[in-house]
Structure formats: C-alpha cells, structure tokens
Amino acid sequence: MKLDAIDLRILDAVQRDGRITKLALAEKAGLSPTPCWMRLRKLEKAGIITGYHARIAPRRIAPVASVMMEVTLANHRQADFERFERAISAIPEVVSCWSVGGGVDYILKMIAPDIDAYQRLVDGLLDRELGIDRYFTYIVTKTVKEETVLPVSSFTAAGEEQTAP
C-alpha cells in the first residue's frame, strides 16, 4: 500500500493519541471526517495500524526489574530459531524480542518483580533446552528514552523525494 502525506499525518496523530475523536483526527489530517475515517479503516485493514494501546508505568504499580538479555543459540538451523521463538513468545515477562544480526542472535527485554525472579525465569529457559549457548544480562538502572511513537513525519510519502533538513 502506498502512503501519502495525509496517511502519514493520520498515522502520526493516532499513534500519539489512540483515543482521538474522528473530528480531531480529520482536522489534523486536513480532511473532512468521512474520508479521514475511511483512510483510517484502510490503514487498519492493510495491517499498518496493528492496534491501540494504553501506555502504563509499571513501577507505579509495583517494583519491577527491567532486564535486557542477549542470547546466542548453539545451532543456527531454522528449526532451532523457530523453537526458541515459539517458547519466548509464550512468556509474558518477555515484553520484546528482536532477532538481530551481528555477534548475538536475539536481544530480549524482560520485566520481572526482582532480579531473583528474573534468574528463575532464565533458569527455566535453560532447563527447557531451547538451544541457548550463551546469554548476557544487562540490568536497566534508568530508562533514558523509551518511545512508542514512531517519527512518521520523517518518513517519505510514496512518490515524494525526501529533502534534507
């Protein structure tokens, strides 16, 4: 699906405020409400908008430990990756998992009540024999920046040339 500048304005607005009214969204997009709403639905049906979420502050609910973990698998067959990814996808404490190129295979972001709970989680992963060869743990001591809003205004609309700032 090709996106134009109006689509990008719609995406920017709804990711900043998932509860924006139809009228306010239309104003931000520069359209009347009905065409704007139709474009929004088209973006949803195309899978570009995958959902609407509330962003919560976990530490306001309870003390938590945020941990980043690098994982390298012992073997690199497709079945090994699939087995690991299936297992990780089913663990609620793993809030993000990225398959990466370079010196490691995966980077995970995990949330646990404390470091002991994190270590029990890791011990469980190792006991399941998911093919983990090595892992490195990084305890998050302070979140400097964690954005959920993508800079869609800097994306080039289909057919337009991007100009230097």
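Trp98 stands opposite Ile107 in β3. The model is predicted, so local features need pLDDT of at least 70 and side-chain atom pairs count only at pLDDT 80 or more, while totals for chains, interfaces and linings use all residues. Residues are numbered from 1 along each chain as its sequence is written, and side-chain values use heavy atoms, with hydrogens and water left out.

Strands β2 and β3 run antiparallel and are joined by 5 bridges. Strands here are DSSP runs of E with at least two residues, helices are runs of H or I with at least four, and both are numbered from the N terminus. Two strands count as paired if DSSP finds at least two bridges between them. Strands of a sheet pair through backbone hydrogen bonds, either parallel or antiparallel. In this model an open sheet of 4 strands has the order β2-β3-β1-β4, with antiparallel pairing. β2 and β4 are the edge strands, each pairing on one side only. On average, neighbouring strands of this sheet are turned by 20° against each other, direction ignored.

Two helices lie across the strands. Helix α4 lies across β1, β2, β3 and β4 and runs at about 20° to β3. Helix α5 lies across β1, β3 and β4, running at about 170° to β4. Such angles run from 0 to 180 degrees between N-to-C directions, with axes fitted to C-alpha atoms, for helices over the stretch in contact. Contact means heavy atoms within 4.5 Å.

α4 (residues 78–89) has 12 residues and reaches 16 Å from its first C-alpha to its last, close to the 16 Å expected at 1.5 Å a residue; the expected span is 1.5 Å times one less than the number of residues. Within α4, Asp80, Phe84, Ala87 and Ile88 are buried. They lie on the same side of α4 because they cover an arc of only 100° around the axis, taken from the directions from the helix axis to the C-beta atoms. Buried means under 20% relative accessible area, exposed over 50%, and partly exposed in between, with a 1.4 Å probe and protein chains only. The buried residues of α4 pack against β1 (65–73), β2 (94–99), β3 (106–112), α5 (115–127) and β4. On the other side of α4, Gln78, Arg86 and Ser89 are exposed.

Helix α1 (residues 5–16) contains Asp7. Asp7 counts as buried because its relative accessibility is 5%. Leaving aside neighbours within four places in sequence, Asp7 is in contact with Lys2, Arg39 and Leu43.

Leu150 lies in the segment after β4 (132–139) and is partly exposed, with a relative accessible area of 49%.
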